[in-house]
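Hello,

Here is the structure I promised to pass on. Please have a look when you find a moment.

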Amino acid sequence: FLFVLQVRLVMKAHSFVRENVPRVLSSVKDKSSTVPIPRISQYLYFLFAPTLIYRDNYPRNPMIRWGYVATKFAQVLGSLFYAYYIFVRLCIPQFRNSSQETFNLRGLVLCIFNSILPGVLILFLVFFAFLHCWLNAFAEMLRFADRMFYK
């Protein structure tokens, strides 16, 4: 989890530097009196906004729909509970029974094939919970209007 957050921060820092260095270098090259350095508030907003491309200004919604935010967080919790239910009911019994038996290739293959469908379901639930619900909830709280997560 920490590795994923570090990768996200490195990607955001790269985008921030890539967008701002050419502007600063061109203003220094032109010897203009003002150097276009972004404000800290713009950078902090970019760190929490669900985008990897830095801009000084993003399209913003006029207000926050708190009911929508609560619905998205409820969907995240529901997805996590459903993934836990699938894991407990379908995955753990397979491996619990196989740990008490002697090792054989047939048992291992059956255990793996019986865990493929629950694993795919859990993967879809995690993608739905994070990419759709979590990012849309934070986009709504930040009044971030450009919600093209899937494009």
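Below are my notes on one asparagine and on the aromatic rings.

This is a predicted model, in which local features need pLDDT of at least 70 and side-chain atom pairs count only at pLDDT 80 or more, while totals for chains, interfaces and linings use all residues. Residues are numbered from 1 along each chain as its sequence is written, and side-chain values use heavy atoms, with hydrogens and water left out.

Asn-20 belongs to helix 1 (residues 2-29); helices are DSSP runs of H or I, at least four residues, numbered from the N terminus. Asn-20 counts as buried because its relative accessibility is 6% (buried is under 20% relative accessible area, exposed over 50%, partly exposed in between, with a 1.4 Å probe and protein chains only). Beyond its neighbours within four places in sequence, Asn-20 is in contact with Pro-38, Tyr-54 and Asp-56, contact meaning heavy atoms within 4.5 Å.

On to the rings: the structure holds eight aromatic pairs (centres within 6.5 Å for rings of Phe, Tyr and Trp, the last by its six-membered ring; planes under 30 degrees apart are stacked, over 60 edge-to-face, the rest tilted). One of them is the tilted pair of Tyr-58 and Phe-144, at 5.4 Å centre to centre and 55° between the planes. Tyr-58 and Phe-144 are both buried. Phe-73 and Phe-138 are edge-to-face, because their centres are 6.0 Å apart and their planes at 90°. That pair links helix 3, with Phe-73, to helix 4, with Phe-138, 65 residues apart. Ring pairs also join Phe-16, Tyr-43, Phe-46 and Tyr-54 into a cluster.

Best wishes

Key
Helix = DSSP H or I, 4+ residues; strand = E, 2+ residues; numbered from the N terminus.
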